[in-house]
Amino acid sequence: MSTKLSPEQSAIDRLIVDEIFDTIPEEWTCFALIVEPRKLDGGGQVVTLINPEVVGAEMEPSTTIRSHVGELVAFLAKEGRTWERLTYQASLDDSGAWRLKITAPLPD
């Protein structure tokens with residue numbers, strides 16, 4: 001039995017991924033966008049965009065990425081799905097195709 005994402009969550013994921021590709025430098029062959037809840041003050045999220053292959057290769061996520069992440073977090077809250085970390089990871093394979101992995105809570 002497989003779990004199917006709602007069209008709304010799929011659309012938000014697509015917006016996030018598209019904006020990541022518009023944001024990262026052309027020479028990056030992989031990336032990780034990591035989203036964690038802000039624990040100290042309880043508001044918002046900590047959003048980090050890195051190239052895991054290069055030490056110190058981190059960039060500020062765009063305002064658009066942050067906005068779409070906020071939409072996803074609001075959607076997950078509406079659905080009653082809790083999360084500790086959301087990740088969007090991708091790498092370019094030898095054939096030149098991007099391989100993407102998204103880690104987020106699935107619907108029941």
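Which residues is Leu 72 in contact with, leaving aside its neighbours within four places in sequence? In this predicted model, the contacts of Leu 72 are Gln 9, Ile 12, Asp 13, Ile 16, Leu 86 and Tyr 88, with neighbours within four places in sequence left aside.

**Nonpolar core**

- The largest nonpolar core comprises 22 residues, and those with the most contacts inside it are Ile 16, Ile 20, Leu 33, Leu 49 and Val 69.
- Two or more residues of this core come from each of the elements α1 (7-23), β1 (30-37), β2 (45-50), α2 (63-79) and β4 (86-92).
- Ile 16 touches Leu 33, His 68, Val 69, Leu 72 and Tyr 88, when residues up to four places away in sequence are not counted.

**Packing of α1 and α2**

- The helices α1 and α2 pack at an angle of about 160 degrees, and their axes are 9 Å apart.
- Because angles over 145 degrees count as roughly antiparallel, α1 is roughly antiparallel to α2.
- The crossing of α1 and α2 is left-handed.
- From α1, the residues that meet α2 are Glu 8, Gln 9, Ile 12, Asp 13, Leu 15, Ile 16, Glu 19, Ile 20 and Thr 23.
- From α2, their counterparts are Thr 64, Ile 65, His 68, Val 69, Glu 71, Leu 72, Phe 75, Leu 76 and Lys 78.
- Sorted by class, the contact of α1 with α2 has 9 nonpolar, 4 polar and 5 charged residues.

**Leu 72**

- Leu 72 is buried, because its relative accessible area is 1%, and buried means under 20%.
- The C-alpha atoms of Leu 72 and Ala 104 are separated by 10.0 Å, and these residues are 32 residues apart along the chain.

**Ile 65**

- Ile 65 also lies in helix α2, and this residue is buried, with a relative accessible area of 0%.
- Not counting residues up to four places away in sequence, Ile 65 touches Glu 19, Ile 20, Thr 23, Leu 33, Val 47 and Leu 49.
- Among these, Ile 20 is 45 residues from Ile 65 along the chain, and the C-alpha atoms of Ile 65 and Ile 20 are separated by 7.0 Å.

How values were computed: Residues are numbered from 1 along each chain as its sequence is written. This is a predicted model: local features need pLDDT of at least 70, side-chain atom pairs count only at pLDDT 80 or more; totals for chains, interfaces and linings use all residues. Side-chain values use heavy atoms; hydrogens and water are left out. A nonpolar core is a set of buried Ala, Val, Leu, Ile, Met, Phe, Trp, Tyr and Cys residues joined through side-chain atoms within 4.5 Å. Buried means under 20% relative accessible area, exposed over 50%, partly exposed in between (1.4 Å probe, protein chains only). Helices (H or I, at least four residues) and strands (E, at least two) are DSSP runs, numbered from the N terminus. Contact means heavy atoms within 4.5 Å. Axes are lines fitted to C-alpha atoms, for helices over the stretch in contact, and angles run from 0 to 180 degrees between N-to-C directions. Angles under 35 degrees count as roughly parallel, over 145 as roughly antiparallel, 65 to 115 as roughly perpendicular and the rest as oblique. A crossing is left-handed if the near helix is turned anticlockwise from the far one by less than a right angle, and right-handed if clockwise. Ala, Val, Leu, Ile, Met, Phe, Trp, Tyr, Cys and Pro count as nonpolar, Asp, Glu, Lys and Arg as charged, and the others, Gly among them, as polar.
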